[in-house]
Amino acid sequence: MRASSLFGPAAAGWSAIALLTPSVQALSFNTVQQPQLDLSSLGRVVLTGDFDAVSLYSYEQQSETPALTNGSQSLLTQLPNGALATLSTADADILAVCPLSSDANSKVVVGGNFTSLGDVESQGIALFDPTSSKVTPLPGLNGSVSALLCDQSSGTVYVGGDFDGHNSSNAIAWSAKSGWKSLSFGGFNGPVRSILKADNGHILFGGSFEGLGNDTSTKKNKKGDQIVNLQDARITSDAQSPLQGFVDPQNVICKTNDQDGAGNTWLLDDYSPGFWRADMNFTFHPTKLRLYNTHQDGRGTKAFRLTALPDNGIMNLTYTDDSGKDAFCDASCPLSDNKTEKYRDFRLVNPVGMKGVMLQILDWYGQGAGLDGIELFQEEIYAYAINDFNEPQCANVKFGSTAVTSGAWTRSPAGDTAADYLSAQVSAADAGSTSVTFKPDIKQSGNYSVRLYTPGCIQDNTCNSRGGVNITGTFATGTDAPAPIQTVLFQTNDYEKYDTIYTGYVDASSSDFRTSVTLTPASGQGNLDVVASRVQYLLISANGTTNGDSDDGSGGDFNGLYDYDPAETSKTTSNINEAGSNLNKDALITSMATHDGILYAAGNFSTSTFKNIMSVSDGNGTSLPDGGLNAEVNDVLSLDDVLYVGGSFTGTATGGNGDLKGIAAYSYSSKAWSPLGAGVNGRVTSVVALSLNVSTDTSETTVAVSGDFDQILGFGDNSSLPASGFAVWVPSKKNWLQNLDVYQMSFDGQLSASARVSNSSILAGNLASGGMSASGAVALTSSNDNALEPLPIKIEKQTPSGSSLTKRDVGGQNFSGVVTGVFDKNNGRNLTLLGGRFTARAADGSTIQNVLILDGGHDDRVTGLPSGIDSNSTVLTMDIESDTLYAGGTITGNVGSTSLNGFVVYGLANGSFAQPHPAPLDGNNVSVNSIAPRPSSSEVYVGGEFDSAGELPCPSVCFYDTSANSWSRPGFGIGGVVSTLKWVNNDKLLVAGNLTVSNNRSMVATYNTKDQSWTSMNGTSADDIPGPVTVLSPASDDVSQIWLAGKSSTNGSSFLIYYDGNNFHTVGNVFGQQTTIRDVQVLEIGKNHDDTPFLDNDQILLITGQLVLPDFGNASAALFNGTSVTPFILSTTGNDEPGSISQLISENKNTFSKNSGHYSNGIIVLVSFCCALGCVFLIVLIGIILNKIQRHRQGYVRAPTTGTDRPTSMRRVPPEYLFDSLKARTAGVPAV
């Protein structure tokens, strides 16, 4: 599903977007200085690939990290280019954030159900410093924080949630000066979901509670505690009696009949102190010790002390003495020898967690001490996955706590957690048959908070293999019973935590019904580790307790709302409290807002006149129009004159306005509901204010909506749009941002909270920004700065399927999205053609499969090819010769009477497939990976994986002669799988792949058309190049220098090799193990770098694919300057995965026009010959000049035409005369 989109102005490229985003002054970001590309000689440039969002790497804080899908959430902020930067990551949900002060450098308080933030152990709450990214834990709470209020005027942070700590439950205060401080009322007996400061300075709490934390009246009518399992503990003692049958310390376990005798009584040696000890593998909090004294032969225990293990702390106990009065003891506690006292109960004054107990026997009756029975009880109600920790079977508890397991579970040690737990290594095949069902012992009906505990993953080293689990639960029966729950929880927490999975009514156990919670692995995760520990049912109020039952006036009169005056130390009497008490029992307040002194409270509640939302003024809860909303409200946001409300509703309570689906707006001034479009098709969980640039350079506040929906519903002229749980409403446009015709950034994930620190936005959630919203293809420009611009096309995301997309012998690459492309400027056309494995929309609304034609000469009209190619085909290569498109790949289908296999020919001028069409290729897994028309000929060469063309045996490389409409075989001796074809000149073809040449394995070969011979290129054997070559790219005009890339056959790592015309040079191990290189291109740059052996100083190498760069992470494109590789382009897919870039396609051929450092051998010979001729010519010229000088100095004059002093008979000069004259030296004239 395609990611949601936002953050972008109209009519601006990616570089312009960076100028129009909100300023971030409280945070500083490090810019990345990228080399300025010079693409002027290439014309238009397009990058193709498998992505739905793409961005230039401009800031060090950017990364190609998809939205977190493992239950983790992060603190985020916007970079100046609009992308999101991760500030710190938690191991679970972040539910609330607030700035500690109004200072620009204020720390931020962060709350949630996490156990670590930024790899620092932090149980539910921490301080985060945005300027240094330092995390400071605030230890002391056990549980989760759901609500925060930073009262900057008093410096107090009010914290609410589902937790215990510092003698408080579910609500507490913290300040930087004094730390944790219990509120005067001790918190609440149920979870807090919202905290708000009212106009009068009071602090308002909303949640699911009925009493204060220091009030016990709502828990009255208790029918009994849970028995701690001693039956399966390790029981030891010392100073045992020598009497047969009285030695075993197990004798006192589950013995409640006060019967003395062998096998029933445990005795110490005569006149000897001693101990009885029980060690467990789980932590328990006992509240009561019950001892049955023995009277065997006049013996018995007279005094003892109770010690907690492993701390050896002496427990303070209370009991009722022989006179019936309450008494206290610690170091020595008495037992009676009165036979009428069956047992004596001792209650622990301050119950603490322990993993064992020890009774130290101090004094005795008669000849020695002993006991008939020992029982431990706790108020907490647990059901453990390991039955050894549940109530003992020997106690004959009618509905004792238990667990039922299925699958291959093993017991794991507790480590840093409270108890041993079960773990299972689950595969996809047996996920459905692996489960644990917890069945607690509920002795009384009432309202409970149900917690599910999850052991941390660090202690068992399973953080990378943990995943999600399905949690289902049933809690009551009958027509009015709450519906069973179903949710998914993630077990990726670093340390032990609990999640509150249910708050509400629970029926007591009976023969007709037992509440249960079942844990199973979530499907579709592959192999993973699953753990199961325990569930806890925490009593909020017992059945029958009403809101006015308090005896001391300290509790009651509350139902989800509480008004607290910080200036008072006693319970606040408030009209707001009264409004809550008038709601239905078990009311839940999830969120609150105030406007003009009126409180608006929302959640899950009802009265006879309204449901799920109300206004409170003058002590009365007042209905909003149409009786409120027809289902639960999860969040509200007050913005200007509007209250935005999100939840599970589909309309008003009275059935009006059916467009209020999941999200609605209430106008304070007009007191009326209005829809946001037509809403969304699922539940909204959070509504957050978000400051964005939409269509101008002015920031405006928008409404970010997150939840369990996958579609924005259509309204008016707007069709329904996919949205993966995230959408943005623009109030100024009265429309969803996704419907606006503006450049947008693509986002995936959700937001849970936000806060402003000075001019910076701190966001919380698993939202991820992949950059500008663009699927499959994007334009790259360099006129001013490097910039990306979307193409006017609509490509839908399609997941690759199976082996048909795999070039198995050429690196095992899987292809989806846009793989290749080509420009066509022939005969006045202006076309951009894209091919791959995708689905797109044509201009007329029809569906396009795998080949898209963008016609720039006709208003960017988008069309595709006629029917004939199967939709599951993949186009891997394209080329154009004159008016004909040649496309290859894993292509099947039918064109007229000709079946297609690997190759298709289409006429661009007439808009139809070629007739007659070339015969199909044949072989196993046919794939055409490269097409190269031979220059100045009618031959089109294709290379890939095939055995024949039609009836012609023609393995690996074949050519189609368009003049003869027939296939021909280019010589013999070539085999294997071809990845790339490149013409060196009219007669020499360069071929790369996983080849055999004359039965010898080779990675690069050449073909000579003159003698039809195949030759393995020197140095390209399997011993020289580590694996099949998947990429071959020229580094010079004559292809005498080349770049090669592929994957090693030995370890699967990617390699990149440069050939300088004589030798091969590897760039070294610059990529991570999971790298796949799809293409490399030498590009020109505007500013020279230092000389390197690989590139001229005005060149840079663009590397595309799915890259993993050490010390950075994933990138889709990188730049290599001859010494180092740096990220250049980042991308992500709509499936929450890193994206990839397949190719750079350009309008003009790369001519390497600035290439002055590398020349072919022919050029070198020609230049040398010219230099030699020039030197010879210069020597001759110098000789002529010197001869002229010599003759001039000799007084040479022109011979007269008439008369002579020679004899008249002499008609010529004898040769001797000439030579002698040359030998003679004239005085004063230098000899030459």
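**Charged pairs and their setting**

A: Aspartate 441 is buried, its relative accessible area being 5%; buried means under 20%, exposed over 50% and partly exposed in between (1.4 Å probe, protein chains only). The model is predicted, so local features need pLDDT of at least 70 and side-chain atom pairs pLDDT 80 or more, while totals for chains, interfaces and linings use all residues. Residues are numbered from 1 along each chain as its sequence is written, and side-chain values use heavy atoms, without hydrogens and water.

The partner of aspartate 441 is lysine 443, and the two side chains meet in a salt bridge at 2.3 Å, N to O. Such a bridge requires a side-chain nitrogen of Lys or Arg within 4 Å of a carboxyl oxygen of Asp or Glu. Lysine 443 is partly exposed, at 28%.

A second pair joins aspartate 270 to arginine 299, with the closest N and O atoms 2.5 Å apart. Aspartate 270 lies in the loop between strands E21 and E22, and arginine 299 in the loop between E23 and E24, so the pair ties together parts 29 residues apart in sequence. Strands (E, at least two residues) and helices (H or I, at least four) are DSSP runs numbered from the N terminus. Arginine 299 is buried, at 6%, whereas aspartate 270 is partly exposed, at 30%.

Glutamate 1147 and lysine 825 form another salt bridge, at 3.9 Å. This pair ties together parts 322 residues apart in sequence.

Arg934, Glu939, Asp987 and Lys1010 form a salt-bridge network. The whole structure has 27 salt bridges.
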